[in-house]
Amino acid sequence: MKQYWLRESPPIEELRELTTYLGSEALARIFWYRNLRTIPEIQAFSKIADISVGDDLYNVKQCTETLLSHKSKGSKVVIYGDYDADGAVAASILFRFLSRVLEMNVTVYIPERHEEGYGLNYDALIKLAQQGADLVISVDCGVRDKELIERVTKETKMEIIVTDHHQPGDTFPTCCVVHPLYPGHEAENKYTSGGVVVWKIVRYVEEFLHLTHEFSDSVVDLAGISLVTDIMPLLGENRVILKRAIQKMRVNPTIGVRVLSEVSQVRLPEVTSYHMGYVLGPRLNASGRIGNQYTSTRLLSTDNIEKAREFAREAHEINTKRQELTKKMIEEAEKAIKVIGEKIIVVAVEEWEDGIIGLVAGKLMNKYHLPTLAISIDTNKGQAKGSARSFGEFDITGFLAKMQEHLDRFGGHHNAAGFSLSAANLPALINKADALLKTEYQTYIPQYIQYVDSLIVVSELQENFFLQLSNLEPFGHKNESPLFAVKGKVETYSFFGQQGTHLRIQLKTAEGPISALAFDALHLATKLEQGSEVVLIGRPKRDEYRGQMQLSFFVDEILDTLPMVEEKQ
């Protein structure tokens, strides 16, 4: 069940200076909750800080020396990538750098999702060796493939470098591994994307060769996209990289980003992290889900405008097909849901498109507010592939690790993971999940809590309020857009839109009226009655319309009351 709780008010004496500086008590609370509790801290947070040159990544020097050794020998190098947006970005950045800056003999290999699955593949690596590859460098994969890598390097003369960011297993491969969570040598920025890991390696090589950072600066928009699409925490270095990425996208994006924005109808001068995650990102992911796994990498790698437009149109069309397929699969999933121990959803359907199951898992989790495993069963092969999503403190990859005796492969992050298994093992997997929930996870109570940062009064919503609020951007994972509440009496409400599914609400508050909008909100209409007191949960927005500034409140939820809870700060 989703619950909205108002954060406990900070000590009022700690807010006085911030309130004076920011011109709003609501803003003072928001900055305080984010541990920005002095004016210098706020000013530093608002600036674009310097970025490391990658020397905080363990083994980056060995990786660099290995690459340069193969360059001097004229070796054939293969970048082994992944089929999602982060993998496409990582492969594109490294391909561009090795081929155009270092002028190396390099190609890209991306596994086919359905036949080969995620990660390094023995047959593919052996074939690459037979085709003359001297060095394979993985991007966005490989950290859990220790035994496979050792087998391949024993059977061939091919060298392997692993660059990855996914949650590692108990042991690392014995080859050169560049990973921000390398045991005993964790980077300061431990949780970042595969694209950023590669981008930082490139920056280190530039520094090592006494080059400028002209190249890495030219592809920072790609690195930023990888952070958003792979749902990395937008704090510290990640946030700085993303701010730089957005600045570049607004002024001088890479060709692939520019043409993808054109077909997606994104106005680049106004681009935000939202467009990266919810407009551009799905199109980059779509080709790896149900299309040609190379489309997005080719789009982001080319400097030929006509080829870029061809790849962008292809990505856009595949995404439209993906949307239709997702809708169909969600309808099928609703009929097959099983809730294990009242704590986890498991849904398994035969012959599903396994490139879409991650989206199904995410949508079911968001609707029912329970961790979710979505599984596609291939009856011809007797195999099953699954995608898992969770929220809050529930470590879904850790949960899968406790059932790994029933799995062929698994891996991922704290709140997202993928796995595969024999279809015959599916009942045993479900039974093990049920047993775990009754023992080790007995005290776990799924609580989907949405914290409301502050009540606001209409008089606070002036130009300075929105200017100061923008200093917290870019918003995303771990740096979410602040959520507000406004109390008042419903004066009028009406429906609008082609299907009449949107709501326009006029609210009378103690400080004056405010107009509110709720989209696809028929379910909220039942909570409205003219003259009733309500609490609107959402976000204020100030837009220019026909030369005039208009203030609106965009509604997520409507409540009768909003409880305040005590939190540990």
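Mentor: Helices here are DSSP runs of H or I with at least four residues, strands are runs of E with at least two, and both are numbered from the N terminus. The model is a predicted one.

The part in question is an open sheet of six strands with mixed pairing, in the order β7-β8-β9-β10-β12-β11. Its edges are formed by β7 (338–340) and β11 (409–412), each of which pairs on one side only. On average, and with direction ignored, neighbouring strands of the sheet are turned by 20° against each other.

Within this sheet, β8 (residues 344–350) and β9 (residues 372–378) run parallel and are joined by six bridges. A348 has I375 of β9 as its bridge partner. Helix α16 (residues 357–368) lies across β8, β9 and β10 (383–389), and runs at about 40° to β10.

The loop between β8 and α16 contains E351. This residue is not a glycine, yet its phi is positive, at about 60°.

With a relative accessible area of 55%, I231 is exposed.

A further backbone feature concerns the peptide bond from E473 to P474, which is cis, with omega near 0°. P474 belongs to the loop between α19 (463–470) and β15 (484–496).

Finally, there is a helix pair to consider. The axes of α1 (residues 12–22) and α3 (residues 39–46) come within 10 Å and cross at roughly 45°. Angles from 65 to 115 degrees count as roughly perpendicular and those under 35 as roughly parallel; α1 and α3 are therefore oblique to each other. On the α1 side, the contact is made by E17, L18, Y21 and L22, and on the α3 side by I39, I42 and Q43. Sorted by class, the residues of this contact are five nonpolar, one polar and one charged.

To return to the part you asked about: the parallel strands β8 and β9 have α16 lying across them and across β10, and E351 is in the loop between β8 and this helix.

Note on methods. Residues numbered from 1 in each chain as written. Predicted model: local features only at pLDDT ≥ 70, side-chain atom pairs only at ≥ 80, totals over all residues. Heavy atoms only, no water. Axes fitted to C-alpha atoms, helices over the stretch in contact; angles between N-to-C directions. Parallel < 35°, antiparallel > 145°, perpendicular 65-115°, else oblique. Contact = heavy atoms within 4.5 Å. Nonpolar A, V, L, I, M, F, W, Y, C, P; charged D, E, K, R; others polar. Pairing = 2+ DSSP bridges. Buried < 20%, exposed > 50% of the residue type's maximum accessible area, 1.4 Å probe, protein only.
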